[in-house]
Amino acid sequence: MFKFLKDVVSGSGAGVKDLPYNIGEPYSSAWGSWTHSRGTSKDDGSPVSIFSLTGSNANDGHLAAGRNGVKRLRTVRHPNVLSFLHSTEAEVSDGSSTKVVIYIVTEPVMPLAEKIKELGLQGIQRNEYYAWGLSRIAKAVSFLNNDCKLVHGNVCLESVVVTPTLDWKLHAFDALSEFDGNNEASTGPMLQYEWLIGSQYKPMELAKSDWAAIRKSPTWAIDSWGLGCLIYEIFSGLKLGKTEELRNTASIPKSLLPDYQRLLSSMPSRRLNSSKLVENCEYFQNKLVDTIHFMEILNLKDSVEKDTFFRKLPTLAEQLPREIVLKKFLPLLASALEFGSATAPALTAFLKMGAWLPSEEFNKKVLPTIVKLFASNDRAIRVGLLQHVDQYGESFSAQVVDEQVYPHVATGFSDTSAFLRELTLKSMLVLAPKLSQRTLSGSLLKYLSKLQVDEEPAIRTNTTILLGNIASHLNEGFTRKRVLINAFTVRALRDTFPPARGAGIMALNATSSYYDAQEIAARILPNVVVLTIDPDSDVRSKAFQAVEQFLQIVKQYHEKTYAADGTEETGSGVSSLPGNASILGWAMSSLTAKGKSSEQTAQVPPKSTSPLVSAVSNASSVSNTPSTTLVRTASSGADIADQYIADEPAPASPTSTDGWGELENGIHGDHESEKDGWDDMLPLEDPTPSPALANIQAAQKRPVVQTKSQASIPRPKSTSHVSKDADEIWGSIAAPAPKMVTKPLSAQPSSASLDSDDPWAAIAAPPPTTRAKPLSAGRGRGSKPGVPKLGAQRINRASSNLAVPRSAIVKRFKNIEAFLIRTRRIRRRKKL
């Protein structure tokens, strides 16, 4: 007898105080005198089933049988036997009387009769489900009879319950007893509590209490009869009223009828063993039974068998009962994937089955398994997850994606497989909106910066497309402007792969609302206009569309800015031009204007509705497309511009670490670095020109100084005189007249005069320290005055003589040497 508990709450519906479970609503049916109720755990709220049996006193026979059932249920463990969790016995006060109650807590189950009505299966699906359930019960009965030498004695519809995964399980062990077949001399009852069994379920020998015949019969004789009664109740849908009803076989399937008749044989020795029922009967050979059996022994199968099975499973799942697939197959697949016994093709079937669940159940049953699979090292599993990310990505919460999913997905950006890198890139279209700004700017943009110069052209193209799609999720302000403009213009538009250039143009169109008029005019349009002569026709057509769109935006900006007063300076810092000013005049004023504010008030252009192009399907498909290399010839002006850009410092960004300016495109491990990596890109503003440009501007502002020639040199009349009519025509844009200063050649200008008058004083060579002598002063004849020589002159010479070339000196020495040799020969001849 069990220990009684002291405190009891009567009729409260909460059960015993010390029972760690809450008792809920009861089911309408249960075996024998038991009450089957729903329940939950007080610790975690998990569902359970609670069976209670009430007796008038402690010596009640039903309580004694109930205690036997508790003991047997606790000791018998089998997959097809109800799982025991907890039991207790308590005294319950009911007014003036006291009752004794036994509680058994098991896994959550419900009566089979109610579950069959709930499913409402018909036709082939019903027969497949019944075959699977009967095979479970037959295995449980075989385990009791053949392995444990026990006799259940009461196998019927009420002794079978169904789990949430639709598994049939055997319970009601109150009459369970050992088979005493070896003691044939004994005449006492072998089943101590056989009086609990209904008369309609008793075979002939048990109804007559012929214990001698029972001991001589096989162990399975009584339970095989009960198994036949269960088959009749299941297919007829009626509870067995009397034994004669078992002869009505109209509802029994023809493939099961021979075995059904053998189970109900009048001779105990000829009854079919329950273990042979499943092995030999054709009725139990169907798709549902075979599929579940394969899943249960999955660890014993080799990789080839697993791959073949899981590739057929998605199609097979559509043919099986939907309720069974969701409640039985889905948990089995989830467990197999988590523990590594299932191969990658199983993921396709798992996600397809999960898509049939409601959103709430999907989040509870499917998403936890997917999160665990992202940590898998199996590359095939990772590929499967990325290929189907659109099926479950939206169900992830932002916290789960940022903390648990993205760290594992990001490893695919640097994978050696180009296919996996591209799948990882495409998955960001779903996952990036759920990432935090810290992850976007500090991690994702750095990976995208590396992928935009990937060796695979499809990956470069898809990176541009992805940036255009996630632009709205980037941080507003400097980060968005810098990333988008540099990624699209500096890299995408200069890509050698035509689809990549086309993607860059369309990305600029789709993100046009994020650029102000100054950026469009200074940075976007110059890069897009070049592509209007692109070798690829598709790129050219997209470039023309982009030019028209951005010109319209600039035009709208102009109309909004100068609509009120076209002559007054607006807050944008751009001064109005005079009416007669031409393009050249505006260009000169823009170069020479210093100290004026170049900042402009950003006018938000209208939202662009240009859709982005779809991502390239895969690396293999795009790689086969022949690429056209865009040839660009660098001019001298481009070289000067590059030098000017390189001299300018990049705008500071203490928070951005996206790495778009890293020429090597490497991913640095230190994400906390203060360097933003955009030094190689064009800055947004140019407040200070480079030193070379400043010198050119200063030279343009200085007047040109011309020296007057000597009087002895005749000069033609000046033809540089500008008429009055010409002044009137070009006066608005003409350069100021040069100042004519006459200086003698003998006069040496001072340093101050050079700085103020000579535009090349800063870079010219110093004047010679000696004065050239006239020809009359040298070896020449006559007194003709010397004419000054043009071109560069040798300065700081020791004498006024002109320098003799080295070749002439060498030639003279050779002539002298030859003369001496001839003289020596002549002297020798004379001596001889």
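Student: In the hairpin of β5 and β6, which residue takes a positive phi?

Tutor: Gly95 does, with phi near 70°. Two residues lie between the strands of that hairpin. Keep in mind that this is a predicted model.

Student: How many bridges join β5 to β6, and in which sense do the strands run?

Tutor: Start with the general idea. Strands of a sheet pair through backbone hydrogen bonds, and the sense is either parallel or antiparallel. Now the case here. Strand β5 (residues 84-94) runs antiparallel to β6, and ten bridges join them.

Student: Which strand pairs with β6 over seven bridges?

Tutor: That is β4. Strand β6 covers residues 97-106, and its pairing with β4 is antiparallel. Leu53 stands opposite Ile102 in β6. Ser52 stands opposite Tyr103.

Student: What joins β3 to β4?

Tutor: Six bridges, again with the strands antiparallel. Strand β3 spans residues 35-41.

Student: Are β4 and β6 mostly covered or mostly open?

Tutor: Count the buried residues in each strand. β4 (residues 47-55) is mostly covered, with seven of nine residues buried. β6 is mostly covered too, with seven of its ten residues buried.

Student: Which strands form the open sheet of three, and in what order?

Tutor: The order is β7-β9-β10, and the pairing is antiparallel. The edges are β7 (110-111) and β10 (168-170), since each of these pairs on one side only. Two bridges join β7 to strand β9 (residues 160-162). There, Met110 has Val162 in β9 as its bridge partner.

Student: Which residue has a positive phi of about 60° although it is not a glycine?

Tutor: Ala172. Find it in the loop between β10 and β11 (177-178). Then check its cover. Ala172 counts as buried because its relative accessible area is 8%, and the cut-off is under 20%.

Student: And where is Ser209 found?

Tutor: In the loop between α4 (204-207) and α5 (211-216). Ser209 also has a positive phi, of about 55°, and is not a glycine. Its cover is in the middle class. At 35% relative accessible area, Ser209 is partly exposed, because that class lies between the 20% and 50% limits.

Student: Why does Leu256 count as buried?

Tutor: Because its relative accessibility is 0%. Leu256 is found in the loop between α6 (221-236) and α7 (257-263).

Student: Leaving aside neighbours within four places in sequence, which residues is Leu256 in contact with?

Tutor: Ile231, Phe235, Cys281, Tyr283 and Phe284. Compare sequence and space for one of them. Leu256 and Ile231 are 25 residues apart in sequence, and their C-alpha atoms are 9.5 Å apart.

Student: For the chain, what share of contacts between residues at least 6 apart in sequence join residues at least 24 apart?

Tutor: The share is 68%.

Student: Which residues make the nonpolar surface patch of about 510 Å²?

Tutor: Ile809, Phe813, Ile816, Phe819 and Leu820. Take Phe813 as the example. Its place is in helix α31 (residues 806-831). Phe813 counts as exposed because its relative accessibility is 57%, and the cut-off is over 50%.

Student: Which residues does the "repeat: HEAT" annotation cover?

Tutor: Residues 524-562, according to an unreviewed UniProt entry. Treat the label as coming from that record. Then look at the model. Over residues 524-562 the chain is 82% helix and 0% strand. The end C-alpha atoms of this stretch are 22 Å apart.

Student: To finish, how many helices and strands does the chain have?

Tutor: There are 31 helices and eleven strands. Of the 832 residues in the chain, 42% are buried. The chain exposes about 45800 Å², and carbon and sulfur atoms supply 53% of that area.

Methods. Residues numbered from 1 in each chain as written. Predicted model: local features only at pLDDT ≥ 70, side-chain atom pairs only at ≥ 80, totals over all residues. Heavy atoms only, no water. Patch = residues over 30% accessible without salt bridge, like charges linked within 9 Å, V, L, I, M, F, W, Y side chains within 5 Å. Areas by Shrake-Rupley, 256 points an atom, 1.4 Å probe, with all protein chains shown as cover. Salt bridge = Lys/Arg side-chain N within 4 Å of Asp/Glu carboxyl O. Helix = DSSP H or I, 4+ residues; strand = E, 2+ residues; numbered from the N terminus. Buried < 20%, exposed > 50% of the residue type's maximum accessible area, 1.4 Å probe, protein only. UniProt positions renumbered as here; feature names shortened; annotations may be inferred. Pairing = 2+ DSSP bridges. Contact = heavy atoms within 4.5 Å.
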